Amino acid sequence: MPTLNQEKFIKEIIEIVDRWSFEQCAHCENGTLVSIDGMLDFKCSKCGKDMNPADYLGEIAKLVFNYREKLGNLEIKSNND
């Protein structure tokens with residue numbers, strides 16, 4: 001049975017993957033991508049940031065890092081009890 005932290009982590013990963021799949025901005029809510037330079041590069045229509053696959057992977061990596069940090073802190077707390 002997944003814990004609350006696991007469920008939140010999975011939900012956040014799915015949100016990033018959905019944004020990637022539906023060509024939405026990885027950084028802001030409801031930002032859609034507009035093609036620039038002949039459909040090779042994209043920019044968010046809301047925040048103006050350039051977007052490429054590495055941006056989505058970077059957001060996923062941040063979530064994984066934060067999740068591992070939380071798990072590490074929980075393990076330290078449980079060991080101190």
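How many helices and strands does the protein have? The protein has two helices and three strands, arranged along the sequence in the pattern α-β-β-β-α. Helices (H or I, at least four residues) and strands (E, at least two) are taken as DSSP runs and numbered from the N terminus. This is a predicted model, in which local features need pLDDT of at least 70 and side-chain atom pairs count only at pLDDT 80 or more, while totals for chains, interfaces and linings use all residues. Residues are numbered from 1 along each chain as its sequence is written, and side-chain values use heavy atoms, with hydrogens and water left out.

**Overall exposure and contacts**

- Of the 81 residues of the protein, 19% count as buried, where buried means under 20% relative accessible area, exposed over 50%, and partly exposed in between (1.4 Å probe, protein chains only).
- The protein exposes about 6200 Å², of which carbon and sulfur atoms supply 56%; accessible areas come from the Shrake-Rupley method with a 1.4 Å probe, and for residues only the protein chains shown count as cover.
- Contacts are defined by heavy atoms within 4.5 Å. Among contacts between residues at least 6 apart in sequence, 39% join residues at least 24 apart.

**Helix H1**

- The 18 residues of H1 should span 26 Å at 1.5 Å a residue, and the end C-alpha atoms of H1 are 26 Å apart, which agrees. The expected span is 1.5 Å times one less than the number of residues in the helix.
- Phe 9, Ile 13, Ile 16 and Arg 19 are the buried residues of H1. They cover an arc of only 125° around the axis, and therefore lie on the same side of H1; the arc is that of the directions from the helix axis to the C-beta atoms.
- The exposed residues Leu 4, Lys 11 and Ser 21 are carried on the face of H1 turned away from its buried side.
- Glu 23, which follows H1, has a positive phi near 55°.

**Strand pairing**

- Strands S1 and S2 (residues 41-44) run antiparallel and are joined by four bridges; two strands pair if DSSP finds at least two bridges between them.
- S2 and strand S3 (residues 50-51) also run antiparallel, with two bridges joining them.
- Phe 42 in S2 stands opposite Ser 35, and Phe 42 also stands opposite Met 51 in S3.
- The hairpin formed by S2 and S3 has five residues between the strands, and Gly 48 in its turn has a positive phi of about 80°.

**Salt bridges**

- Side chains of opposite charge can pair when their charged atoms come close. A salt bridge is a side-chain nitrogen of Lys or Arg within 4 Å of a carboxyl oxygen of Asp or Glu, and by this rule the count comes to four.
- One of these joins Glu 29 to Arg 19, with the closest N and O atoms 2.3 Å apart. Because Glu 29 lies in the loop between helix H1 (4-21) and strand S1 (33-36) and Arg 19 in helix H1, the pair ties together parts that are 10 residues apart in sequence. Arg 19 is buried, with a relative accessible area of 14%.
- Another joins Asp 50 to Lys 43, the closest N and O atoms being 3.8 Å apart. Lys 43 counts as partly exposed, at 32% relative accessibility.
- Glu 59 and Lys 62 form a salt bridge with an N to O distance of 3.1 Å. These two residues are three residues apart in helix H2 (residues 53-80), so about one helical turn separates them. Glu 59 is buried, with a relative accessible area of 15%.
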